[in-house]
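Have the sequence and the 3D view open side by side as you read.

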Amino acid sequence: MRLAPGRLTLEQLHAIHGGGVALELDPAARAAIDASAALVQRAAAGSAPVYGVNTGFGKLASTRIGADDLDTLQWNLIRSHSVGVGAPLAPAVVRLMLALKAGSLARGHSGVRQGVIDTLVAVHNAGLVPWVPGQGSVGASGDLAPLAHMTLALMGEGEFLVPDGERRHGGVRRPAADVLREAGIAPLRLAAKEGLALINGTQTSTALALHAFFEFEHVLEGALVVGALTVDAARGSDGPFDPRIHALRGQPGQIDVAQYYRALLAGSGIRMSHVEGDDRVQDPYCLRCQPQVVGACLDQLRHAALVLLREANAVTDNPLVFASAADGAEGTMISGGNFHAEPVALACDAMATAIAEVGAIAERRIAMLIDSNVSRLPPFLTADAGLNSGLMIAHVTAAALASENKSLAHPASVDSLPTSANQEDHVSMATYAARRLQPMIDNVAHILGIEWLAAAAGIDFLRPLASSAPLEEAHALLRAASPAFERDRYLAPDIEAASALVRGGALSRVFRTLPGLPALWVPA
């Protein structure tokens, strides 16, 4: 894949996230890289103070550094900032960090030499994963600690996370010098400003946010399929999905989600069985308001995707280098604040709310299905209620997970703690905002797994009536992993199996076979 600085697409980022993609820097970018590096070298050789080139950092910016210590200054910066704690970031996140940092530096406004970018690309292409602890960034002045750990590994002083063939997750930590030597990659030697350029920036929070975005795609598609299956299991109406309703409101996500539900339910024999003679006037909100709720969530996620795509292509270190007359300020370095990750934090908070709401309405659908007064199905979806509890406590698990997501959805961006002796006095908390999305996604996948079990049980009680072709496919997928239960049995394995199918994209394959539907994500 050719890495064209500033022009990465969402599809390319998805491919990088998935792994197995080799990057090649666009040769057209190299002239601008050289020009900005030359300007930094001139500044380093000059007498004027330039932040991060011949001065200290943060509160120590007024401290002048001698010419003989400029390279040491950059090395010390990386060593002192490698202070992260906690579990390491997932390999997919670190792959994105390497690629995003390479793309940002290659735009030619960071003052690094070509060799810095080439090392980032080489490490990525070799499949090496720097060991990067997940905690320690407040999302302003850049993602300093995690990017420092990444850089330290490139320097041969940190560690890489290497699969050992036995652990399911992660791997073992190995000294970076050994791993680089075995891969034939020379350790990175930093020059003026290069350490600062590598750790200033929002690449960790952006990578974490993109990771969540990509991971939630299968879960969201699963929510659409399972939600439609629940409509049929409850003998709900397809009237609320009529396009005329949604056109009057004009919300694009709502319009699209209603179309998804119409396609999923088309041809359902269950629906045709109660078009006439059904004394119910309206369905509960958890059924008929799915386009309004999930559609609003989709709009938030689409907006977040645009923000994250812009950020993935952005230059976010400091100071920025303007070395060309085309920049309007030839030979200038300007200190600013592009490292402040507020756009990422706000996008992640919107994503968190959307993720929580997808799970919240799914939990309500489970509650509706097991309530015989509403669903008109057997109590708790078991034929002999009393002797059997059915899905009574499975719903309690779903409720616990939905409630947990309410707390996790609290906006991270409204929090700020000043750091660096009040020099960095407002921060975004974007890295936590993005990192906390993973447990939320796991919770929603489990809620949907439970709903899938409940909806399939409801369909079983309606036999010999059949649902639509795609929903019958979804029912069969579940039954292949979780046979119908006539009496109480150990259900935790069934929940895990159903949730794994949701996370693994089994329902996405059902959803994506439907013809003529609008794309889930709107191209930028």
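Which residues form one aromatic cluster? Phe213, Phe214 and Trp521 do. Before going further, keep in mind that this is a predicted model.

## Aromatic pairs

Searching the whole structure turns up 4 aromatic pairs. One of them brings phenylalanine 241 and tyrosine 261 together in a stacked arrangement, with 5.1 Å from centre to centre and 15 degrees between the planes. Phenylalanine 241 sits in the loop between H9 and helix H10 (243–249), while tyrosine 261 belongs to helix H11 (residues 252–265), so this pair ties together parts that are 20 residues apart in sequence. Both partners are tucked away: phenylalanine 241 is buried with a relative accessible area of 1%, and tyrosine 261 is buried at 0%.

Now look at tyrosine 260, which pairs with phenylalanine 511 in an edge-to-face way, at 5.0 Å centre to centre and with 80 degrees between the planes. This pair links distant parts of the chain, since tyrosine 260 is in helix H11 and phenylalanine 511 is in helix H22 (residues 506–512), 251 residues apart. Tyrosine 260 counts as buried because its relative accessibility is 0%, and phenylalanine 511 is buried too, with a relative accessible area of 6%.

## A buried threonine

Next stop is threonine 230, found in helix H9 (residues 203–233). Is threonine 230 buried or exposed? Its relative accessible area is 0%, so threonine 230 is buried.

What does threonine 230 touch, leaving out residues up to four places away in sequence? Its contacts are Leu287, Arg365, Met368, Leu369, Glu451 and Ala455. With glutamate 451 there's also a polar contact between the side chains, at 2.6 Å.

## A nonpolar patch on the surface

For something on the outside, go to Met392, Ile393 and Val396. These residues form a nonpolar surface patch, and together they have about 240 Å² of accessible area.

Zoom in on valine 396, and you'll be in helix H17 (residues 392–408). Valine 396 has a relative accessible area of 44%, so it's classed as partly exposed; the cut-off for exposed is over 50%.

Conventions: Residues are numbered from 1 along each chain as its sequence is written. This is a predicted model: local features need pLDDT of at least 70, side-chain atom pairs count only at pLDDT 80 or more; totals for chains, interfaces and linings use all residues. Side-chain values use heavy atoms; hydrogens and water are left out. Patches are made of residues with over 30% relative accessible area and no salt bridge: like charges are joined within 9 Å, nonpolar side chains (Val, Leu, Ile, Met, Phe, Trp, Tyr) within 5 Å. Accessible areas come from the Shrake-Rupley method with a 1.4 Å probe; for residues, only the protein chains shown count as cover. A salt bridge is a side-chain nitrogen of Lys or Arg within 4 Å of a carboxyl oxygen of Asp or Glu. Helices (H or I, at least four residues) and strands (E, at least two) are DSSP runs, numbered from the N terminus. Buried means under 20% relative accessible area, exposed over 50%, partly exposed in between (1.4 Å probe, protein chains only). A polar contact is a pair of N or O atoms within 3.5 Å; within protein, one must be able to donate a hydrogen and the other to accept it, and residues adjacent in sequence count only if both atoms are side-chain atoms. Contact means heavy atoms within 4.5 Å. Rings of Phe, Tyr and Trp (its six-membered ring) pair if their centres lie within 6.5 Å; planes under 30 degrees apart count as stacked, over 60 as edge-to-face and the rest as tilted.
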